[in-house]
Amino acid sequence: MITIKTDAQIEYMRKANQIVRDTLNLLRDHTKPGVSTYELNRLAHEYITSQNAIPSFLNYHGFPASICVSVDCEVVHGIPSKKKILEEGQIVSYDCGAIFNGWHGDAARTVAVGLITPECQRLIDVTEQCFFEGVNSIVAGVTRLGDLGHTIQAYAESHGYGVVRELVGHGIGRNMHEEPDVPNFGVAGRGMRLSEGMTIAIEPMITMGTEKVDFLDDGWTVKTRDRKPAAHYENTVAITSRGVEILSL
Ligand code: MG
Ligand code: MG
């Protein structure tokens, strides 16, 4: 079932998403060679709870941390660990969710650890732009999910990148994952129309090489099959009468 949100409900979601945004900014500012992903998780957990919010990833289907930290060829759902120390030249994807007053926020960013190659920087930039190409194409009541997915896919593929098929964006509200699925690929003209009051997380997961992924037997981590880097960029957006509002920016 698709839930349509009132302005008051979107206001709660705005707050949850601002906490997520600020957490991601904090993580970016602490990203440097030598820091463990465990420490980054600790910082995020402390910040979210200090804002009277709940880290929604912690214990979600048993996930053991408050954020996902995915390095280089890890696409998403990396588990923070004391043994995982960031190194110069890596790229790291942070995915963060928070619940405020019962409403969810969800966003993700990929950032550089120290100096990275131009190839990795381009992957990060194009992945971010995939999101904005998608968002800027949305016309409430007109754009279909297939149009949105097609726009994102076409932009990624025009740069020679892959679009992960097994993982998609989603509706969001009182639950982190609601209907509908929001794929980063698709056929224009297909699928449901995006209409006023819908709140969705749009989250391109873009690969430098093959779009094929492996699900590791830790039960969580997703890696590119060719072990080339991947990037992730996500925001929660609200489709309103005033246009599309990005709640987590
Ligand atoms: Mg997320
Ligand atoms: Mg999400």
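Here are some numbered notes on this structure, which is a predicted model.

1. Start with the metals, beginning with the magnesium ion labelled ligand 2. Its protein donors are Asp106 (OD), His170 (NE2), Glu203 (OE) and Glu234 (OE), at 2.1 to 2.2 Å. If you want to find these donors in the sequence, look for the spacing D-x63-H-x32-E-x30-E. Asp106 belongs to strand S5 (residues 103-112) and His170 to strand S7 (residues 169-171), so this pair ties together parts that are 64 residues apart in sequence. Both Asp106 and His170 are buried.

2. Now the other magnesium ion, ligand 1. Asp106 and Glu234 are both buried.

3. How far apart do the magnesium ion (ligand 1) and the magnesium ion (ligand 2) lie? They are 3.1 Å apart, and Asp106 bridges them. When you look at the site on screen, keep in mind that water is not among the atoms, so sites may look incomplete.

4. S14 runs antiparallel to strand S15 (residues 243-246), and four bridges join them. One of the pairings puts Val237 across from Ile246 in S15. The two strands make a hairpin, with two residues between them.

5. Helix H3 (residues 118-136) has 19 residues. From first C-alpha to last it reaches 26 Å, close to the 27 Å expected at 1.5 Å a residue. Its buried residues are Cys120, Leu123, Ile124, Val126, Thr127, Cys130, Phe131, Phe132, Gly134 and Val135. For reading that list, recall that an α-helix has 3.6 residues a turn, so residues three or four places apart point the same way.

6. On to the aromatics, where a search of the whole structure gives four pairs. One of them is Phe63 with Trp220: the ring centres are 5.0 Å apart and the planes stand at 85 degrees, so the pair is edge-to-face. Phe63 is in the loop between strand S1 (54-55) and strand S2 (67-71), while Trp220 is in the loop between strand S11 (213-215) and strand S12 (222-224), which puts them 157 residues apart. Phe63 counts as buried, at 2% relative accessibility.

7. Another ring pair is Phe131 with Phe132. Their centres are 5.0 Å apart and their planes are at 90 degrees, so this pair is edge-to-face. Phe131 is buried, with a relative accessible area of 0%. Is Phe132 buried or exposed? At 18% relative accessibility, Phe132 counts as buried, since the cut-off is under 20%.

8. Two lysines sit over aromatic faces. Lys15 lies over the face of Phe100, at 5.7 Å from the ring centre. Lys82 lies over the face of Tyr38, at 4.7 Å from the ring centre.

9. Strand S2 is a buried one. Five of its five residues are buried, so S2 is largely enclosed by the rest of the structure. Ile67, Val69 and Val71 point one way, with Cys68 and Ser70 pointing the other. S2 pairs with strand S4 (residues 91-100) in the antiparallel sense, over five bridges. In that pairing, Ser70 stands opposite Ser93 of S4.

10. Finally, have a look at Leu194, in the loop between strand S8 (178-182) and strand S9 (199-202). Although it is in a loop, Leu194 counts as buried at 0% relative accessibility. Which residues does Leu194 touch, not counting residues up to four places away in sequence? The contacts are Ile138, Val139, Ala140, Gly141, Val142, Thr143, Leu145, Leu148, Ile200 and Ile239. Arg227, on the other hand, is 33 residues from Leu194 in sequence and 35 Å from it in space, C-alpha to C-alpha.

Notes: Residues numbered from 1 in each chain as written. Chains lettered and ligands numbered in written order. Predicted model: local features only at pLDDT ≥ 70, side-chain atom pairs only at ≥ 80, totals over all residues. Heavy atoms only, no water. Donors = N, O, S within 2.8 Å, 3.2 Å for Na, K, Ca; no water. Buried < 20%, exposed > 50% of the residue type's maximum accessible area, 1.4 Å probe, protein only. Expected span 1.5 Å × (residues − 1). Phe/Tyr/Trp six-rings, centres within 6.5 Å; stacked < 30°, edge-to-face > 60°. Lys NZ or Arg CZ within 6 Å of the ring centre and 35° of its normal. Contact = heavy atoms within 4.5 Å. Pairing = 2+ DSSP bridges.
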